[in-house]
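Here's a quick tour of a fold, starting with the overall build and ending in the sheet. Have a look at the model first.

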Amino acid sequence: MYKFFLYLVLTISYLGLAKALSPSEIGVQYLQNEKGFAKILKDKSVSVILMDTHTTGFLIKTYYQKYRVISNYDNIEEIIVRTSREFAKKNMPNIGLSLYRKLDNKEEFLPVPPGSLYIGNPEYGEWRTTKSGTVKWIFWKAYKDFPKYFGWGKWRPTEPFFQGLRSSQSIGQPYYGLENEFGRNGRITRENFPHFFRSERSKQISMKDLLIEYFKENF
Amino acid sequence: MAEIFDRLVIRILLAGFVCLMIYLYRYAHVIFYPSVKRQVLKKINPAENPADALHLFARVVGIAIIFSSVAFNETSGFVLSLFHFAVWGSISIVLYLLSLYIVESIVFYNFDYTDEILKRKNMSYAVISFCHAIVIAYLTKTVMMEADNSIVILLVLWLYMLVIVGFSVKYFTFVTKLSFNRLLIQKNLSLCFAYGGFSLGAGIIIASCFDQEHYDITVYCIQVLLKTILSLIIFPIFKKGIVYIFPIKLGDGHEGTVDLDRQSIGYGFYEGCVFIAGAILTTMIVNRIQFGTIYPFF
């Protein structure tokens, strides 16, 4: 019994020390759920886009998410956080979507296409009729790089898109666009977040091929 | 041809210099062990006292192991390389003998060298001392190589190594069923083989903990500590596993037989081998598993 107790103390000491001193624990913040964004991001105006997710571990999984954070005028940075299992699973379909927005200390947590915070806000742009006759949201010149930051590519929001966004927000439903252009299965997200969708990542390999590859490499 | 001959001459001269250093070691040994002055400085007769021969020549093996860590760099000049060897060789001799003195003071706190080796010719004591000499030499060599010609780092790592070794020798009582002091007085050989296996195993584990890349001494020391604790967690699993897979029979049902069987030389071999096998497998689990990058780059 005494030896078992000693072994238990040793194991707990190791886990505690390893956790405190592990390089993976230093500098990576933990995000329990969307409410935790406010603790990590202190800027007054901020928009957070989920770029990538990553899972490590064999039996006990650790979940990481990579975000693009656009704050203030044109400050853009990428951050990696460790998240809870529930939050990571919940947001698996929300790649390329904005999970958190804050404007003048007013927070929004609903997953919506990136840049939704600024659409319809005359401080950032205006509705303009294009040559084809459709009305689209165009940012002022000072914010001309915003579409690039949001991963829009050549796509620009239309009025029906904006109305769809507003109705989704009013009922508290995540919004993926009029034709589901955004999100994991969205065309625009796939084009502008290629890192997440790169072919080798989703490549399925059979056990037979895996063994053949192994023997080729090792013998 | 001239160049090849020149290199051969240099090698022979350096071999002679190493012999000179070993000669110096003989006298250094007397400083740390004044009680053996008569034995070390006169001609040794192994047949008269095999325990003494083993005790003394174990240290010669040890010093040879340590010297193997010092490199000659002939490109910087022959004399300078000799000077470098002399300096680092002398430091290694001092550290080695000091380490042995400290570790033996901990393990043999109840025993005296003169009584056990010179008077009682205790072979069990000599074998344990032999194992200490080899293990300490191996660890000092590892520490010297990690220090990479920095005297400050060498002193820090050496002290650190001594602390870990000091704790590890005390760990023996937790993992054996043999009574160390009682059996050593009885000159019991099972004890020396069991303890020998344990100390060699501990040496392998500690050396593997120290043997890693380092850029920052603090981070390095933390990593060594973590690996040592991890080894303490993994080692009992292998020990229990091997004992479970290869069960041994002790006693024939008569009262007191089990205790006698444990003191047999066979039991000593058994425990010693289990310790060494467990230690080698522990180093594999602690050092040979690649988890890839820890930091989440993606």
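Helices (H or I, at least four residues) and strands (E, at least two) are DSSP runs here, numbered from the N terminus. By that count, chain A has 9 helices and 8 strands. The radius of gyration of chain A, taken over C-alpha atoms, is 22 Å, well over the 17 Å from the globule rule (2.2 Å times the number of residues to the power 0.38) for 219 residues, so the chain is more spread out than a compact globule.

This is a predicted model: local features need pLDDT of at least 70, side-chain atom pairs count only at pLDDT 80 or more, and totals for chains, interfaces and linings use all residues. Residues are numbered from 1 along each chain as its sequence is written, while chains are lettered from A and ligands numbered from 1 in the order in which they are written.

Some totals for chain A:

| Item | Value |
|---|---|
| C-alpha box of chain A along the principal axes | roughly 80 × 45 × 30 Å |
| Buried residues of chain A (20 or more other C-beta atoms within 10 Å of the residue's own, placed from the backbone) | 25% of 219 residues |

Now for the sheet. In chain A, 6 strands make an open sheet with mixed pairing, in the order 1-4-3-2-5-6; two strands pair if DSSP finds at least two bridges between them. At its edges sit strand 1 (29-31) and strand 6 (106-108) of chain A, each pairing on one side only.

Zooming in, strand 3 (residues 62-71) and strand 4 (residues 75-83) of chain A run antiparallel and are joined by 9 bridges. Within that pair, A:Gln65 stands opposite A:Val81 of strand 4.

Note on methods:
Buried ≥ 20, exposed ≤ 12 C-beta atoms within 10 Å, placed from the backbone.
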